[in-house]
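Have the viewer open as you read.

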Amino acid sequence: MHLSISLKTSKKEEKALKKLLKPMPENIFRLKLNNYWRTIDKNIFFCFIALFILGLFFSFSSTSSLAGERLDKNYYFFFSKHLIFVIISLFLMFFISFIDVKFIKKTSVLFFILFLILLILVPVIGVEVKGAKRWLDLYFFRLQPIELIKPFFILISSLIISSKEFKTRNSAYFFNFLILLTIILLLANQPDIGQSVLIVTTWLAIVFVSGINIIYIISLFGISLISISSLLILLPEKFGYITNRLISFIDPAKVDSSQAEKALQAIKVGGIKGQGMGEGVLKENVPEAHTDYIIAVIAEEFGSIISILIICIFLYLAFRIIKSSLIKKEKFLKISLCGLSSILIFQTFIHIGVNTSLLPTTGMTLPFLSYGGSSLIGSAILAGII
C-alpha cells in the first residue's frame, strides 16, 4: 500500500516537472531565432544588408534635386518613399529567410501563378509610361509584376528540372520551355526586351547547370535569335525601338543616343574620387538616372572606387552563393541557388554594361540600389530565398 502511494506521487511530480521544463512560446521563438542565426550564411546576409543601406544612401543623393527643383516637391519626397520600401523589403527578406525550405517549395507554384496572372493583366489594365505598358497602378505605388515573377520562375524551373514525375528529362525541359515562352510573349507585348533577355539568359544558365546537352542550348539560342529577328521584321512599328537601339549602339552618330553618352561622360568626369555628394549633373540631364543609370550617378559623385566596391560586393555574393550550392546534396537546391545567383549577376552586369556603353540601352535597374518599389521588393524576395 505504501509503495503504490509513493509511485502515484512520483508520477504527479514528474508531470509537474515536465510542465515546468516545457518551453514557453517566447522561448520557442528564441530557440528558433538562435537556430536561424546559427545556420544562415552571415557573409551573404551582411552583403544584402549593406546593399540595401547603400541603395538608401544613394537614393537620397540622386533624387533630392530631382524632387525639389524639377518636380517642385519636398526634397525628401523620393527618399521617403525609398525608405518605406527598404523597410518593407528588409522585413520581407527576414520573413522569407525564416520560412522552412519545404514550405517555400510547396508555395512557390502558387505565388508564381499569382504573379503570372498579374503579368497577364498588365496589357488589359496596366499603366502606359513612355510607350511601354509594364506597370499596374495600385494607388500607393506602381507594381511591375515581372520583378516579382523572376525569383519564383527560377524556383519553378528548378522544381520541374529536378522533378522525377516526368517520364524523360527532355519532357521536363520542354514543359519548362513552354513556361519561359509564355513569360517572354507577355514581356514582348509590353514591350520589355531587357527583362526578356535577362529571363532567357538566366534560364539558359539553369538548364546548363542541370546538365543539359550542349546541342540543345545552341538550338534554343538559335531559336531565340530567329524569334527576335522575326519580331523586328514582321512588327517594325511595335519593336522598331529595338532596331534603333542596336543601330545607336553600333553607330552612335546615326541615331540619338544622348542618354548613354551622358552616362559614360558622367563616369569619366567622376574619375577616381568623384565630384562629391550632390555635385553630379547626370541626374539633372537624364530623366531615369535614379533607376536605369544609378551606377553612373554613383561613379560621377563618389568616384570609380565606390563603383568598383559595389561590383565586388555583387561578385562576392555570387561566389558565396555558388560555393554554398556546391555542398548541397539536393538537386533542387543546387539548381535554385545557381539560378538565383545568375539572375543577380546578369542583371547587375546588364545595368553596368548599359551605363558604360558596352551594351545597348535596355532600361534595367540595379538590384537593391536603384530607386523603385517593385525592384526593391523583387530583390528582397530573391535575397530571402537565397
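Helices α11 and α13 cross in a left-handed way; the near helix is turned anticlockwise from the far one by less than a right angle. The contact (heavy atoms within 4.5 Å) is made by the residues tabulated here.

| Helix | Span | Residues in the contact |
|---|---|---|
| α11 | residues 258-270 | Ala263, Ala266, Ile267, Gly270 |
| α13 | residues 294-302 | Ala296, Ala299, Glu300 |

Their axes, lines fitted to C-alpha atoms over the stretch in contact, come within 7 Å and cross at roughly 25°. The two helices are therefore roughly parallel to each other, a label for angles under 35 degrees.

This is a predicted model, where local features need pLDDT of at least 70 and side-chain atom pairs 80 or more, while totals for chains, interfaces and linings use all residues. Residues are numbered from 1 along each chain as its sequence is written, and side-chain values use heavy atoms, leaving out hydrogens and water.

Now to the cores. A nonpolar core is a set of buried (under 20% relative accessible area, 1.4 Å probe) Ala, Val, Leu, Ile, Met, Phe, Trp, Tyr and Cys residues joined through side-chain atoms within 4.5 Å. The largest has 84 residues, of which Phe112, Ile149, Phe153, Ile183 and Phe314 touch the most other members. Helix α6 (residues 145-162) supplies the largest share of this core, 11 residues. A second, separate core of 11 residues includes Ala263, Ala266, Tyr293 and Val297.

Across the protein chain, 46% of the 386 residues count as buried.

Methods: Buried < 20%, exposed > 50% of the residue type's maximum accessible area, 1.4 Å probe, protein only. Helix = DSSP H or I, 4+ residues; strand = E, 2+ residues; numbered from the N terminus. Axes fitted to C-alpha atoms, helices over the stretch in contact; angles between N-to-C directions. Parallel < 35°, antiparallel > 145°, perpendicular 65-115°, else oblique.
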